[in-house]
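Colleague: I am new to this one and would like to learn how to read it. Could you take me through a few features?

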Amino acid sequence: MPLLPEVRRIAVLRANGIGDLIFALPALAALRSAYPSAHITLLAAPWHKELLAGREEPADDVLVVPAAAGIRKGPGEDEDDEASARFLSRMRARRFDLALQMHGGGRYSNPFVSRLGARSTAGLQAAGVPGLDLNVPYVYYQSEVLRLLEVAALVGAEPVTLEPRLAVTESDLAEANAVLPSDGAPLAVLNPGASDPRRRWPPEKFAAVGDALRTAGATVAIVGGPNDRELGRAVASAMRGPACDLTGRIGLGGLAGLLSRSRLLVSNDTGPLHLGAAVGAPTVGIYWCGNLINAGPAYRRRHRPQVSWRLDCPVCGIDCTRSVCSHDASFVADVPEDQVIAAGLDLLAAGAADNQQPAGSPGGHAATSARPVGSVQPKQ
């Protein structure tokens, strides 16, 4: 597709999870390359603004979208129609030349983007929802990175990378070093949490991995948000040797700094896994098979996804690719710990050579954190 003429101001709606933002980075890089003089505004969530503070890329500014139906609602927030109306009025005053919907299927997000008042609009369109000026069909099973690159291509922005990359700042490293100074040993990080319980590998299996990495000479750290403290304690208490439990003790920037220092990240399929890959950490991610399609890394030299092929609910036996159930039992618990350990030890041993590779080169860097299909509704 050709470039649009006279594009000076671009708005991009992507106001969902941390992993979702990471998946959008290649598309944002494509827009930057195609429209180098344009001012890019990311319409995002509060945690995106926190993470991107102090970084020149991927956007010139980040604005938090008010809580609104089908767009964004954080913990403790109520939808506020008046705040949304005021926000949209301010956005129309910016006179965007182009607005891109990279938020989901479009039931709520396409009308929202249309109300920004941009000269041209483009984005995703699920079956039966209103479209924009230019549209890519939203079909659930697709790499999120490639999905969003298709949206960018609608307006002539061709890919410049297939791997999400996020710069690490001195502030990130300072925060990381304040909670865990380097002791010279290779750092291995475990992330046992995930917002969806069905994507959580058991804490005792994480503990077994941590012990194997300690035996191999690594310093082991456990990370997670404030809601993951119980999981962090469970992993640490199940380990035979010591680990540094940082759950709830480090912000997003500090986490980016810590992961950029790590020789290995072992994680459920959730935001920190994708953040770690974007800042250069080798990863062993634990995926449900459907989520691997959407969120899996493109390369394997430094990323070794471990996959559960379970399709039926462990509680009721319903095939969750065809039906919906309300149970939250793990779909990934049966991923063998010996496979995760073997992949982790292999990456740990290869880490010294890999650390000499420029960040972001093929295989060096690395969808959404989807629930198993059948119980998931397409993002809007």
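Modeller: Gladly; we will go through the aromatic pairs, a pocket, the strands and a few single residues.
Modeller: This is a predicted model, where local features need pLDDT of at least 70, side-chain atom pairs count only at pLDDT 80 or more, and totals for chains, interfaces and linings use all residues. Residues are numbered from 1 along each chain as its sequence is written, and side-chain values use heavy atoms, with hydrogens and water left out.

Colleague: How many aromatic pairs does the structure hold?

Modeller: A pair of aromatic rings is described by the distance of the centres and the angle of the planes. Rings of Phe, Tyr and Trp (its six-membered ring) pair if their centres lie within 6.5 Å; planes under 30 degrees apart count as stacked, over 60 as edge-to-face and the rest as tilted. The structure holds four such pairs. In one of them, Trp 201 and Phe 206 have ring centres 5.2 Å apart and planes at 80°, so the pair is edge-to-face.

Colleague: Are Trp 201 and Phe 206 buried or exposed?

Modeller: Buried means under 20% relative accessible area, exposed over 50%, and partly exposed in between (1.4 Å probe, protein chains only). Trp 201 has 1% relative accessibility and so counts as buried, and Phe 206, at 0%, counts as buried. Another pair is Trp 288 and Phe 331: their ring centres are 6.3 Å apart and their planes stand at 90°, so this pair is edge-to-face. It links distant parts of the chain, 43 residues apart, with Trp 288 in strand S11 (residues 283–288) and Phe 331 in the loop between strand S12 (306–308) and helix H12 (337–354). Helices (H or I, at least four residues) and strands (E, at least two) are DSSP runs, numbered from the N terminus. Trp 288 is buried at 2% relative accessibility, and Phe 331 is buried at 1%.

Colleague: Which residues lie nearest the centre of the second largest pocket?

Modeller: Rolling a probe the size of a water molecule over the atoms shows where empty space is left. On a 1 Å grid over the protein atoms alone, a pocket is an open set of points where a 1.4 Å probe fits, with protein on both sides within 12 Å along at least five of seven lines; lining residues have an atom within 4 Å of a point. Of the 21 residues lining the second largest pocket, Leu 25, Glu 57, Arg 165, Leu 166 and Ala 167 lie nearest its centre. Helix H1 (residues 18–34) gives the largest share of that lining, four residues.

Colleague: What is the order of the strands in the open sheet of six?

Modeller: Strands of a sheet pair through backbone hydrogen bonds, either parallel or antiparallel. Two strands pair if DSSP finds at least two bridges between them. Here the order is S9-S8-S7-S10-S11-S12, with parallel pairing. Strand S9 (244–245) and S12 stand at the edges with a single partner strand each, so one side of each is left without a neighbour in the sheet. Four bridges join S7 (residues 187–191) to S8 (residues 219–222), and Leu 187 stands opposite Thr 219 in S8.

Colleague: Where does His 303 lie?

Modeller: His 303 is in the loop between helix H11 (289–295) and S12. With a relative accessible area of 0%, His 303 is buried. By contrast, Ala 243, in the loop between helix H8 (229–238) and S9, has 25% relative accessibility and so counts as partly exposed.
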